[in-house]
Amino acid sequence: MPAGMYGMVLGLAGLGGDWRLAHELWGLPDMIGEAVNVIAVCVWAIISVFFAAKWIFARDEAMEEAEHPVHCCFIGLAGVATMLVARAVLPYSHSMAVVLLALGMGFSILFATWRTGIMWRGGRDHEATTAILYLPTVAGSLVSALVLGSFGYTALAQLLFGAGMFTWAATESVLLQRLLTAPEMALPLRPTLGILLAPPAVACAAYLSLTSGPPDLFANGLLGYSLLQAALLIRVSPWIMKQPFAPSYWAATLGATALASASMRMVSRGGDSIGTQLAPYLFIFANVLVGAIAVGTIALLAQGKLLPSSHVPAAE
């Protein structure tokens, strides 16, 4: 069970949250959002059981993943997925949701500190530098801020928001240098570029969860950068899709659902920003994207091709 499989939970839980907002704003059926959240929780539970089993019964393989220059960062998704599951569970059990939030956030902080400390030592190949660098610190911090805001823990959320924002800005420059100057990215790595949409979109949604009043300049600026990233990803999608469909395509779903969430939060806050006008279209886009990738994933599962038969370094 590769850690990257947690990407499915991010997309499903993100879409479930979008449907909850759509129910509040437009009166869409609440059962759809709750059903998607139930699926997200079940997928998270299944992946977590098998991922834990790998560390118990196949420790050498687990260590190989943890030490791999690309695969390692996906381990951070375990904490991010757990926090999003905590948000999904919140309306049903506050105490369970708080426990899941604490576990997910604690894991994210510890893993980000451990993994970043290793990367600071240098010796990294430019070809192994991809958008997965966002996962340990940026994704962990910004999703923490978003979910903490949903729980009402604003003071702590502000600290995590700052950690995620400044780390995102620093990491972005490293990634852009690699994309512009290093050799063309290998096919298996290309779908990971979908992660590029997540930092600005999640940051925008988190910022809106921590502030009040009509969307301000900063919120609109974050949304604008998110839309730019979405446009660029659409532009290079034919190049990315030279890689046959694989679970790595879930990398784009967190950003897409967060983008829809941010625009819908703008609607709930009032004002006449462009984000409020785009909300229905971004919501539809998120549904189409997650739905298409889910169908492709089910097809792989039916063919017995969902999980890798062996570890093949993604950078090769």
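Helices (H or I, at least four residues) and strands (E, at least two) are taken here as DSSP runs, numbered from the N terminus. Residues 192–211, by contrast, are 65% helix and 0% strand, with end C-alpha atoms 31 Å apart.

The model is predicted. Its pLDDT averages 90 over the chain, and 97% of the residues score at least 70. Residues 311–316 stay under 50 in pLDDT; for this stretch the model has 18 contacts beyond four places in sequence.

| Helix pair | Axis distance | Angle |
|---|---|---|
| α1 (residues 7–26) and α5 (residues 77–89) | within 9 Å | roughly 25° |
| α1 and α11 (residues 253–269) | within 8 Å | roughly 20° |
| α10 (residues 217–240) and α11 | 11 Å | about 145° |

The axes of α1 and α5 cross at roughly 25°. Because angles under 35 degrees count as roughly parallel, α1 is roughly parallel to α5. The crossing of these two helices is left-handed. On the α1 side, the contact is formed by Gly7, Val9, Leu10, Ala13, Gly14, Gly17 and Arg20, while α5 contributes Leu77, Val80, Ala81, Leu84, Val85, Arg87 and Ala88. By class, these residues comprise 9 nonpolar, 3 polar and 2 charged.

Helix α1 also packs against α11, and their axes cross at roughly 20°. This angle makes α1 roughly parallel to α11. Here too the crossing is left-handed. The residues of α1 that take part are Gly7, Leu10, Gly11, Gly14, Leu15, Asp18, Leu21, Ala22, Leu25 and Trp26; they meet Thr253, Leu254, Thr257, Ala260, Ser261, Met264, Arg265, Val267 and Ser268 of α11. This contact has 10 nonpolar, 7 polar and 2 charged residues.

With which residues does α11 meet α10? Helix α11 uses Leu259, Ala262 and Met266, and α10 supplies Ala219, Asn220, Leu223, Ser226, Leu227 and Ala230. The contact of α10 with α11 holds 7 nonpolar and 2 polar residues, and no charged residues. These two helices pack at an angle of about 145°, in a left-handed crossing.

Notes: Residues numbered from 1 in each chain as written. Predicted model: local features only at pLDDT ≥ 70, side-chain atom pairs only at ≥ 80, totals over all residues. Heavy atoms only, no water. Axes fitted to C-alpha atoms, helices over the stretch in contact; angles between N-to-C directions. Parallel < 35°, antiparallel > 145°, perpendicular 65-115°, else oblique. Left-handed = near helix turned anticlockwise from the far one by under 90°. Contact = heavy atoms within 4.5 Å. Nonpolar A, V, L, I, M, F, W, Y, C, P; charged D, E, K, R; others polar. pLDDT = per-residue confidence, 0-100.
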